[in-house]
Amino acid sequence: MSYVRKSFYNNLFCFILYVLFSWMTCTPCFADESLWNKSPARIGEPAIGLGFEHRKEIDERKFASYGEWGRDSYRIDFLSSFTLLDSLYRNAYSEINGGLNFKMVSLGIGYGNSVEWLDEGTFWIRHLLRGGVAVQLDKISLRSWIRSFCDESPEFWGGAYWNASASFRFYGKTNGRFFEVGSNLCFSFGCIETTYEFPGFAFAVGIEFSLWNWQIKGNHGFEGGFLDRNVAQISKKLKN
């Protein structure tokens, strides 16, 4: 058996144990990447939750809490997170986003505040602005949004999201440098998620379990790039 195949099976075995442990203990152990990169213009999915993310190659850990409320005509959400990078860098981040939904168009804006510091005592504050627009076409949503810290160049994103049925969803999004595609296939016990990133090739697999209004989700990345991380999330759906 080649080294590549051995590495794949070892990663798969560790991932299965990781998900089973998360499910049995109900411990929040991963967060979806989209927690930090969602368009503010979208149909709301009211929920509250906790998340954790570990990027393996740079030893970065993120802890997050979030919530979303709204009705068919509007939505508002918040995200608060704390990041540790090695033993030197720390980051406390908070953001709030809001949007209005019309018959076929959704508009949204958001603001984020990032307080960053080093153990030696140096600290600085950065501000993030974001805005977006989405067009709803039956089961397809076309979204475009911009996000930028005030000391950086703006980053533009665009994507298409297809809700084919209650059991299958597919999306693709890009910022001009990276292209990401993903799918969500649901069964009676929960959902299986897959994500791929190009150029190069990176992929991640996730499992989501649902129990009443609670959801426990897990994701594990197998290759390099931004997807090379373990992320986890536990959330509770809220009524509109």
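Aspartate 59 sits in the loop that links β1 (47–55) to β2 (60–71), where strands (E, at least two residues) and helices (H or I, at least four) are DSSP runs numbered from the N terminus. The structure is a predicted model, in which local features need pLDDT of at least 70 and side-chain atom pairs count only at pLDDT 80 or more, while totals for chains, interfaces and linings use all residues. Residues are numbered from 1 along each chain as its sequence is written, and side-chain values use heavy atoms, with hydrogens and water left out.

The phi angle of aspartate 59 is near 55°, a positive value in a residue other than glycine. With a relative accessible area of 29%, aspartate 59 is partly exposed; on this scale, buried means under 20%, exposed over 50% and partly exposed in between, using a 1.4 Å probe and protein chains only. Aspartate 138, in the loop between β6 (123–137) and β7 (140–149), likewise has a positive phi near 55°. Its relative accessible area is 78%, so aspartate 138 counts as exposed. Another backbone feature is the cis peptide bond between phenylalanine 198 and proline 199, with omega at about 0°. Proline 199 belongs to the loop between β11 (190–198) and β12 (202–211).

Taken as a whole, the chain contains one helix and 14 strands. Of its 240 residues, 43% count as buried. The exposed surface comes to about 13400 Å², with carbon and sulfur atoms supplying 65% of it; these areas come from the Shrake-Rupley method with a 1.4 Å probe, and for residues only the protein chains shown count as cover. Contacts (heavy atoms within 4.5 Å) between residues at least 6 apart in sequence join residues at least 24 apart in 38% of cases.

Confidence is described by pLDDT, the predictor's score for each residue from 0 to 100. The chain has a mean pLDDT of 82, and 82% of its residues reach 70 or more.

Serine 106 lies in strand β5 and is buried, at 1% relative accessibility. Its side chain makes a polar contact of 2.7 Å with the side chain of asparagine 101. Such a contact is a pair of N or O atoms within 3.5 Å; within protein, one must be able to donate a hydrogen and the other to accept it, and residues adjacent in sequence count only if both atoms are side-chain atoms. Beyond four places in sequence, serine 106 also touches residues including Ala41, Ile43, Gly132 and Val133.

The largest nonpolar core has six residues: Ala64, Tyr66, Leu79, Tyr93, Leu128 and Phe149. Such a core is a set of buried Ala, Val, Leu, Ile, Met, Phe, Trp, Tyr and Cys residues joined through side-chain atoms within 4.5 Å.

Strand β13 (residues 214–221) is largely enclosed by the rest of the structure, because seven of its eight residues are buried. β12 and β13 pair in the antiparallel sense over eight bridges, pairing being assigned if DSSP finds at least two bridges between two strands. Leucine 211 stands opposite tryptophan 214 in β13. The two strands form a hairpin with two residues between them, and tryptophan 212 in the turn has a positive phi of about 55°. β13 also pairs in the antiparallel sense with strand β14 (residues 229–237), over seven bridges, with glycine 218 opposite alanine 232 in β14.
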